[in-house]
Amino acid sequence: MASYNKVILMGNLTRDPELKYLPSGTAVTRLALAVNHTYTDRQSGERKEEVCFIDMDAFGRTAETMNEYLQKGRTVLIEGRLRFQTWETDDGQRRSKHDVFVERFSFVDSRQGGQDSLKDEGAGYASPTEAAPKDTEDDIPF
């Protein structure tokens, strides 16, 4: 049976990222995103807003970059996969939740507060300047 697990979310961070390291030395950053959905109530005609809070984990270089450049309130685009986690509390109760395993992310807002920008970071993305070398006068064929 085929399956596909991809999540793309854009929202604001609800807290500063928390960076920790596993015993293996792998960086792990925990963060949470608030994603808003605005709609009009059909019966009252009133505009309403629904907020969904999503916990996320990033690993490796992506985790370190997110911790370095992101802070509470920053808008970010996240691409990852949905995970289902289960655990048992100290008093023996079983708990579960869904969260997102971050595979890549993009900055959405500008640090200077000017024009919105979409800067790619994380695994799988390269900046345009890194992807292709710059031309020099010697490289131009005419």
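These are legends for a set of close-up views of a predicted model. Local features here need pLDDT of at least 70 and side-chain atom pairs count only at pLDDT 80 or more, while totals for chains, interfaces and linings use all residues. Residues are numbered from 1 along each chain as its sequence is written, and side-chain values use heavy atoms, with hydrogens and water left out.

**View A. The buried side of helix α1.** Helix α1 covers residues 60–69, and its buried residues are T62, A63, T65 and M66. Buried is under 20% relative accessible area, exposed is over 50%, and partly exposed is in between (1.4 Å probe, protein chains only). Helices (H or I, at least four residues) and strands (E, at least two) are DSSP runs, numbered from the N terminus. The four buried residues of α1 span an arc of only 165 degrees around the axis, so they end up on the same side of the helix. That arc is taken from the directions from the helix axis to the C-beta atoms.

**View B. A ring cluster of Y69, F105 and F107.** Rings of Phe, Tyr and Trp (its six-membered ring) pair if their centres lie within 6.5 Å; planes under 30 degrees apart are stacked, over 60 edge-to-face, and the rest tilted. Y69 and F107 have ring centres 6.0 Å apart and planes at 80 degrees, so this pair is edge-to-face. Y69 belongs to helix α1 and F107 to strand β6 (residues 94–107), so the contact ties together parts 38 residues apart in sequence. Y69 is partly exposed at 33% relative accessible area, whereas F107 is buried at 5%. F105 and F107 also go edge-to-face, with centres 5.3 Å apart and planes at 85 degrees.

View C. We call it a salt bridge when a side-chain nitrogen of Lys or Arg is within 4 Å of a carboxyl oxygen of Asp or Glu. D57 meets R30 at 2.6 Å, N to O. D57 is buried, with a relative accessible area of 4%, but R30 is partly exposed at 41%.

**View D. R81 over a ring.** The charged end of R81 sits over the ring of F101, 4.1 Å from its centre. The rule asks for NZ of Lys or CZ of Arg within 6 Å of the ring centre and within 35 degrees of the ring normal. R81 also joins K6, E79, E103 and R104 in a network of salt bridges.
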